[in-house]
Amino acid sequence: MADSHGGRPSRRSARAATASSCCWALPTALLCAYGFFCSVRPSEPFLTRYLLGPYKNLSETQVFNEIYPVWTYSYLALLFPVFLATDYLRYKPVVLLQGLSLIITWFMLLYAQRLWAFQLLEFFYGMGTATDIAYYSYIYSVVDINLYQQVTSYCRSATLVGYTVGSLSGQVLVSVAGWSLFSLNVVSLTSISIAFATAWFLPMPQKSLFFHHLSSQRLSCEMKVMDCKNGAAVQDHPDVQRAPGWEDETKVPLNGEGHSAEKQKQKVDIAKVLKDLWLDFLQCYSSRTMLCWSVWWALSTCGYFQVINYAQGLWEMVLPSHSADIYNGAVEAASTLLGAVAVVVVGHIKTSWAMWGEVALALFSLLIAAAVYVMDTVRNIWACYASYVIFRIIYMMLITIATFQIATNLSVERYALVFGVNTFIALALQTLLTVIVVDASGLGLDIFTQFMIYASYFAAISLVFLVSGICSIVGSYRRQEQLQSRSPESQ
């Protein structure tokens, strides 16, 4: 008897463990599949060549000064509404919206012919980029908190592998198999359509960070979180547990009374949520360390977006694709993989970032400025490719360090807020830069002059953080001297 009773709890715990494993494994697998297929776009490294070539026969001014800037404007305009809508609608509808936006983008890329159609295409691409936040935040609402690090690494790896597979396959299909760029766009559209179909099977979350809290599961403690886009580390609070946030049909009352009562308790007060967000914003940015790393994040991300958006245009001017083979896909794949390796390495570097962080940001920002300068002035395609790879590696490494510093001692809610605000500021700065430098209604500068401005921009960032870092180090040493001078007096 004792043996039989003793065996029941172990069987129950085994069944519970199996059920718990299924609860997080299913949405994680589906989301990773979505992220992978959504990132397999073999035509993307050859987009500028496609638009300037015989397929669309657009001019350089139309592509660089009238079409590409629309992405920046639409991304900025949609970011904050999408940020709130993602949480309010509980992620899945916005994931579906992303898939649909990308399908429309690539369908129009295949068949659009007029300038206004390509500008509309860029708007939908901006929507697809803005809704990317839903992909990276969905998983936090459907798994236990102690699984955050594990599932985030899976989701980030899925997109990195997908992007690498897409870039390499595009290069192979163009250089070896001799496929047309139109065919590559068909492959991209097919892959995105598979991702969109996969997203329909994602379980619908029942809670979110800001608007839909389950009172019994409200997290009150502070924890370390991860920026899944940039690969920072997560350290979860060991005492916090949270049940999966998607509905278990076996636990829903048949009469619906319990469910409606629960809905009453979860009634959303939008004004209160916005007020709490504002108070959290003020508290987060009251820290000098937080402010410093956030300023660098916003400034550098602005420049990074500009460089990667127009790098293909620069390469096309240095070596026109109609006169020679190009290796854009291989370069994108290499920079992604080497950047991922740099992210892993920097996670194991032990140093006092509080003391030397600003100086490190200044020195590496200067290296970024040098890489962009080489891309602009050395009119050799291999020098451009090498500088681009170095540029992306350094940026991915530094943004990871910034993520480490910002994520320290922040709750999931506050980190999501800080990430959203920093990205919004980066896009606002990028919009200003685009209007002045790129847009045909502004200066409408040629691509080489643009990159000289971007190199100067990163050099200015380096100078600002070098001065700030030196002042911080000097101030820190003075405080230490004052403490040492006071200690003998007190004795």
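This is a predicted model: local features need pLDDT of at least 70, side-chain atom pairs count only at pLDDT 80 or more; totals for chains, interfaces and linings use all residues.

Author: Happy to! A contact here means heavy atoms within 4.5 Å. Leaving aside residues up to four places away in sequence, V372 touches V307, F391, F451, Y454, A455 and F458. Three of those names come back when we turn to the largest nonpolar core: F451, Y454 and F458, together with W315 and V372 itself, touch the most other members of this 127-residue set. The biggest contribution to the core comes from helix α14, residues 381–407, which gives 16 residues.

Now step back to the whole chain. It has 16 helices and zero strands, and 52% of its 491 residues are buried. Among contacts with a separation of 6 or more, 84% join residues 24 or more positions apart.

For a view of how two of the helices meet, look at α3 (residues 60–88) and α5 (residues 115–130). They pack at an angle of about 35 degrees, their axes 7 Å apart, and α3 passes α5 in a right-handed crossing. On the α3 side, the contact residues include I67, W71, Y75 and L78, while α5 brings, among others, L115, F118, F123 and M127. Sorted by type, the residues of this contact are 14 nonpolar, five polar and two charged. E66 of α3 and E122 of α5 both belong to the contact too.

Key. Residues are numbered from 1 along each chain as its sequence is written. Side-chain values use heavy atoms; hydrogens and water are left out. Axes are lines fitted to C-alpha atoms, for helices over the stretch in contact, and angles run from 0 to 180 degrees between N-to-C directions. Helices (H or I, at least four residues) and strands (E, at least two) are DSSP runs, numbered from the N terminus. A crossing is left-handed if the near helix is turned anticlockwise from the far one by less than a right angle, and right-handed if clockwise. Ala, Val, Leu, Ile, Met, Phe, Trp, Tyr, Cys and Pro count as nonpolar, Asp, Glu, Lys and Arg as charged, and the others, Gly among them, as polar. Buried means under 20% relative accessible area, exposed over 50%, partly exposed in between (1.4 Å probe, protein chains only). A nonpolar core is a set of buried Ala, Val, Leu, Ile, Met, Phe, Trp, Tyr and Cys residues joined through side-chain atoms within 4.5 Å.
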